[in-house]
Amino acid sequence: MVTIFSPDGAPTRYGLLETLRQFGAAQIDEETKEQARAEHARFFLGLVHALGPEPRGPQLGAWMRWLDLEFINVRSALSYIERTPHRAADLFSSLVTMRRFWIYSYLNRREGLHLVQRALGHPAVTDDIRLTAWLFATASSLAFNFDLKLSARYAAASSDLALRSGDAATIALTSALVAQVRSSTGEGSEAEAARALRLAREVGDPLRVYEALLGVLGTPASGLHTPARWRVQDGPWWSSENLARTRYILEEILAIGKEMGDPNICLFAYMDLLPIRYVKRDREDQRSHLQRYSAFVEEVGL
């Protein structure tokens, strides 16, 4: 009747047959059920926020693995507060806190976007402009993978709210997102990306700097994420100057990833540095980079 298992070496877990769960639920009154739902939501959303409003650092990997393991419970907790009108702020902050989880968790990314979109249409809104700006930013980050035009609209809405809030960190984030989206649609400019990077450096937050650098990578001078770059290997994007510039940006991103203890950022930088080494045709440089990359993969257990 009770199953015992330890997924991927995680602590022992217990499961109950669905028929027994339904039978047990039928034995308690609605007031008790409501108390149980509220306590369940309090417990799991407390764990969602365990690393603070924007999880980072060496514990990030373990936190994300926990979210993967407990995703059904977290989904249930989010659903509960979504149905509780006076808890709009709790709903917004929980979805914002999970922003990087949604981005890195490919299988859950689209579900995350749908949850955020429903929250944005929540009948009971919060008067926290900064928090709402972050929720729009979360929507922009997630829509980026599916619909660039939609992502751009969310980024613009987030930027407007950020300016109204006057919060420097929020303005830096939304400026970086706007630069990323516009660069990806071919509408970005060096000046726009440079402004986003300047704002991020002024805030002094390495994560904001990383996100601003992503916008810089998409500008014509770098063009790393411009599809045409990889089709025309003799164009201006492949000049020694631009390759050196792009490599410098990626090395800074790699340093940020290491500083923050974030393997996802490190992996992104390592992977995008590989083709630059290939273009240079410097075998010793390629070999050195592959050794660094292999050591990293072994260290983080990828």
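**Exercise 1.** Determine whether Phe71 and Phe101 are buried or exposed, and classify the geometry of their ring pair.

*Solution.* Step 1. Phe71 and Phe101 are both buried, where buried means under 20% relative accessible area, exposed over 50% and partly exposed in between, with a 1.4 Å probe and protein chains only. The model is a predicted one: local features need pLDDT of at least 70, side-chain atom pairs count only at pLDDT 80 or more, and totals for chains, interfaces and linings use all residues. Residues are numbered from 1 along each chain as its sequence is written, and side-chain values use heavy atoms, with hydrogens and water left out.

Step 1. Rings of Phe, Tyr and Trp (its six-membered ring) pair if their centres lie within 6.5 Å; planes under 30 degrees apart count as stacked, over 60 as edge-to-face and the rest as tilted. The ring centres of Phe71 and Phe101 are 6.0 Å apart and the planes meet at 35°, so this pair is tilted.

Step 2. Phe71 belongs to helix H4 (residues 71–82) and Phe101 to helix H6 (residues 99–104), so the pair links distant parts of the chain, 30 residues apart. Helices here are DSSP runs (H or I, at least four residues), numbered from the N terminus.

Step 3. Ring pairs join Trp102 to Phe71 and Phe101 in a cluster.

**Exercise 2.** State how many aromatic pairs the structure holds, and describe the one formed by Phe43 and Phe44.

*Solution.* Step 1. There are six aromatic pairs in the structure. Step 2. Phe43 and Phe44 form an edge-to-face pair, 5.0 Å centre to centre with 90° between the planes. Step 3. Phe43 has a relative accessible area of 43% and is therefore partly exposed, whereas Phe44, at 10%, is buried.

**Exercise 3.** Characterise the packing of helix H5 (residues 88–97) against helix H8 (residues 129–143).

*Solution.* Step 1. The axes of H5 and H8 lie 9 Å apart, at an angle of about 45°. Axes are lines fitted to C-alpha atoms, for helices over the stretch in contact, and angles run from 0 to 180 degrees between N-to-C directions.

Step 1. H5 and H8 are therefore oblique to each other; angles under 35 degrees count as roughly parallel, over 145 as roughly antiparallel, 65 to 115 as roughly perpendicular and the rest as oblique.

Step 2. Ala89, Phe92, Ser93, Leu95 and Val96 of H5 contact Leu131, Thr132, Trp134, Leu135 and Thr138 of H8, with contact meaning heavy atoms within 4.5 Å.

Technical notes: Helix = DSSP H or I, 4+ residues; strand = E, 2+ residues; numbered from the N terminus.
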